[in-house]
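Keep the sequence and the 3D view open as you read.

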Amino acid sequence: MDWKFPFNTTEPTTEGFVKQPFSAGVNLMTAALLLRDTNKYTGATKVALASLGLFEIMHVLSHSFHLSTTLPHTLSVHIAGYLMSLSLGYLLFKKFGYPTSLWITIIAISIIVDIYMSRRQGVAMVFTGLLVMALLTLAYLSKLGSIQRNTLYKLYIGIGALFTCFVLEGAYNTILKQHYFHVFIEFLGMYLFMLLKKFIVAI
């Protein structure tokens, strides 16, 4: 099907003030968990954590209030995603310096592909957006400690599972919507964000 965020996500919309209350509620909990102890940190670490919270706040708004077209939703969430990648990249750069020129080229190509896919507004846009951040962390993998690497390995597996869920959501939308499948996706997203937070504070 022609998957459009947030309208084709597999939680039925309501006629109430909040259009998809369960997804919005999980996102709100995730935002609170991400931001609850941000003041303990300083500098680039604090900015990186705040960017995670900002992404989830934009996510909450998209599931709460549906506008007439998908573009404002996808654009706001995608920009917030780039702010996450940018703040994480800066944190890694401050700690480890520049990645190799090969990795810089790979990341630049992935950004170009993501911008192209974003214009098409499909489920592939989710994958390319996640890929940019995954490649950014892979670029520094050899410089990380074992605990940080193990956290990233779990994150990569989770990203694969998350993308599989989005593919299923697009392919079996009508059936999965009856079972509020997108709420499960949001809980998976919460777990991945907690892994990402753990990674950030360990840098």
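At what angle do the axes of helix α4 and helix α5 cross? The answer is roughly 165°, and the two axes come within 9 Å. Bear in mind that this is a predicted model.

**Helix α4 against helix α5**
- Helix α4 covers residues 101-120, and helix α5 covers residues 124-138.
- Their axes cross at roughly 165°, which makes α4 roughly antiparallel to α5, since angles over 145 degrees count that way.
- The crossing of α4 past α5 is left-handed.
- On the α4 side, the contact is made by W103, I106, I107, S110, I111, V113, D114, M117 and S118.
- On the α5 side, the contact is made by A124, M125, T128, G129, V132, L135, L136 and L138.
- Sorted by class, this contact of α4 with α5 has 12 nonpolar residues, four polar and one charged.

- S110 sits in helix α4.
- Is S110 buried or exposed? S110 has a relative accessible area of 6%, so S110 is buried; the cut-off is under 20%.
- Setting aside neighbours within four places in sequence, S110 is in contact with V132 and L135.
- Both V132 and L135 are among the α5 residues in the contact with α4.

**Helix α5 on its own**
- α5 has 15 residues.
- From first C-alpha to last, α5 reaches 20 Å, close to the 21 Å expected at 1.5 Å a residue.
- Buried residues of α5 are M125, V126, T128, V132, M133, A134, L135, L136 and T137.
- What do these buried residues pack against? They pack against α3 (71-96), α4, α6 (146-171) and α8 (181-202).

**Helix α5 against helix α6**
- The axes of α5 and α6 come within 11 Å and cross at roughly 170°.
- The two helices are therefore roughly antiparallel to each other.
- α5 brings V126, F127, L130, A134, T137 and L138 to the contact.
- α6 brings L152, Y156, I159, L162, F163 and F166.
- By class, the contact of α5 with α6 has 11 nonpolar residues, one polar and no charged ones.

**Helix α6 on its own**
- How far apart are the end C-alpha atoms of α6? They are 38 Å apart, which agrees with the 38 Å that its 26 residues should span at 1.5 Å a residue.
- Buried in α6 are Q148, T151, L152, L155, G158, I159, L162, C165, F166, E169 and G170.
- The cover over these buried residues includes α5, α7 (173-177) and α8.

**I157, also in α6**
- I157 is found in helix α6.
- I157 has a relative accessible area of 66%, so I157 is exposed; the cut-off is over 50%.
- I157 and F187 are 30 residues apart along the chain, and their C-alpha atoms are separated by 15 Å.

**P72 in α3**
- P72 has its place in helix α3.
- P72 is partly exposed, with a relative accessible area of 36%.
- How far apart in space are P72 and P99? They are 33 Å apart, C-alpha to C-alpha, and 27 residues apart in sequence.

Methods:
Residues numbered from 1 in each chain as written. Predicted model: local features only at pLDDT ≥ 70, side-chain atom pairs only at ≥ 80, totals over all residues. Heavy atoms only, no water. Axes fitted to C-alpha atoms, helices over the stretch in contact; angles between N-to-C directions. Helix = DSSP H or I, 4+ residues; strand = E, 2+ residues; numbered from the N terminus. Parallel < 35°, antiparallel > 145°, perpendicular 65-115°, else oblique. Left-handed = near helix turned anticlockwise from the far one by under 90°. Contact = heavy atoms within 4.5 Å. Nonpolar A, V, L, I, M, F, W, Y, C, P; charged D, E, K, R; others polar. Expected span 1.5 Å × (residues − 1). Buried < 20%, exposed > 50% of the residue type's maximum accessible area, 1.4 Å probe, protein only.
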